[in-house]
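Hello,

Here is the structure I promised to pass on to you. Have a look at it, and then read on for what turned up.

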Amino acid sequence: VECANGRDADVTTTMGKANHKKGNKSVSKVSVDSNSNDRKDQEEPTANRPRNFYVTDATHPFRFAFKGRFGLHHALTIHQTPDEETWPGGALWDLGVLLSNLLLGMAGVTLATTSTVMESSPNNNKVKSKNHNIQLPAHLAGGKNAPDWLHSIILSEKSIILELGTGVGLTGLAAAAALRPSLVLLTDLQVVVEKVTQRNIEENTQAQKRHRLLGKTMCIGHPLCWGLREDEEAVAGLIEEYQLSNASSSSSKRKTKKKQSSNQQKIAASTDDQSNRLGKPDIILIGDVAYQHKPGAPSHFEALHSTLLQFLHADTIVIFGTRIRMPASNDLLTLFLEDLEPLIPPIPADELEPLFGSLKHNMSIHFLRRRKVATEPQSP
């Protein structure tokens, strides 16, 4: 069954693998004895390597450290893998780090440190570290004059965040640590969630219990193949269940007894006439997913666009980080802008990280929200 998340769910053709990569793979020729099934040459690929500025090796853990609330030091440890089965979702990409820096900056964190543990020998580990002075654009700095949508992100303790194409999960976990929402759902293909994302969620949430890194935030990894209605309904069901549970809990604290149906009506009543918030998150994170579209090749853009629309309510904020690797990569943003409107101008990578000022990075972050439907004035 082919899945649209830029990788195939169960079956991937050799040509598909060749055409759909955002990393690079070197190939060496290995001579094989003629008596071995008459094969003279066989291609033996080396480990996948991401084309990154921050992380260029997917075989080692990545550590993302920062000083959080109350001056406490915290760290997220992200495991990666170059395995073909989960590639490219098993690797950490630059936009994942940039988005994490941005989310932490919006929460007031000014410095983060990233490091990669290079295991040179069993008893001697080399650690490559880099400090990141987080620089927020003025229109994201918050304050009393900040727009309502920005306050809804910064003050999001009761919010639900959904990440589409989470991969290793750094951005979603950073969002949990920075914004302290009630729920973060990290979604990707089932094989990626089971073999990569889930491990990172479990290890970092265990650390949370010791250091209160994520507060009361619940982090859940769940399969979501873009365009697959069954997966969309399962994720929407999780969100709705959590929303109703929270509504019921709030009612109990006020010592009022209400049935689940009345809780549902309460949530729906708080929205406008165009949308029902049940089953839909308040913030959607999407980072670096425009990596497979080449002219003439099958595109996953339409499926992602369709899935995105399924999870939007009128006020959902979409934080979309993209890297334009080829002209056709712009098509995804163009597709999004058919239904969403920019809340602020695009933020280029070098505005957040001076490192990219001298590099041709083609990376930017967009804050989007569903376009408001114009209503015709009623005749007197």
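Glutamate 232 and arginine 229 form a salt bridge, with their closest N and O atoms 3.2 Å apart; the term stands for a side-chain nitrogen of Lys or Arg within 4 Å of a carboxyl oxygen of Asp or Glu. Both residues belong to helix α6 (residues 229-253), three residues apart, about one turn of the helix. Helices (H or I, at least four residues) and strands (E, at least two) are DSSP runs, numbered from the N terminus. Glutamate 232 is buried at a relative accessible area of 4%, whereas arginine 229 is partly exposed at 42%. Here buried means under 20% relative accessible area, exposed over 50%, and partly exposed in between (1.4 Å probe, protein chains only).

Before going further, please note that this is a predicted model, in which local features need pLDDT of at least 70 and side-chain atom pairs count only at pLDDT 80 or more, while totals for chains, interfaces and linings use all residues. Residues are numbered from 1 along each chain as its sequence is written, and side-chain values use heavy atoms, with hydrogens and water left out.

The count of salt bridges comes to seven. Another of them pairs glutamate 203 with arginine 199, at 3.1 Å between the closest N and O atoms. These two are four residues apart in helix α5 (residues 190-211), so about one helical turn separates them. Glutamate 203 is partly exposed at 36%, and arginine 199 is partly exposed at 42%.

Which parts of the chain does the pair of arginine 325 and aspartate 288 link? Their side chains meet in a salt bridge (2.7 Å, N to O). The pair links distant parts of the chain, 37 residues apart: arginine 325 is in the loop between β13 (317-323) and α9 (330-336), and aspartate 288 in the loop between β12 and α8. Arginine 325 is partly exposed at 26%, while aspartate 288 is buried at 4%. Through shared partners, salt bridges also join Arg229, Glu232 and Glu233 into one network.

Now to the backbone. Most residues other than glycine have a negative phi, and most peptide bonds are trans. Aspartate 288, although not a glycine, has a positive phi of about 55°. Asparagine 362 also has a positive phi of about 55°; its place is in the loop between α10 and β16, and it is partly exposed at 37%. The peptide bond from tryptophan 87 to proline 88 is cis, with omega near 5°, and proline 88 sits in the loop between β6 (73-78) and α2 (94-106).

Is helix α4 (residues 170-179) enclosed or exposed? Ten of its ten residues are buried, so α4 is largely enclosed by the rest of the structure. Just after α4, arginine 180 takes a positive phi of about 55°.

Finally, a search of the whole structure finds two cavities of 30 Å³ or more. On a 1 Å grid over the protein atoms alone, a cavity is a set of points where a 1.4 Å probe fits but cannot get out, and lining residues have an atom within 4 Å of a point. The volume is the space filled by probe spheres set on the points, which are joined across faces, edges and corners. The second largest cavity holds about 30 Å³ of space, and its lining consists of Asn101, His132, Asn133, Ile134, Gln135, Leu352 and Glu353.

Happy exploring!

Note on methods. 1 Å grid on protein atoms, 1.4 Å probe; cavity = no way out; pocket = protein on both sides within 12 Å on 5 of 7 lines; lining within 4 Å.
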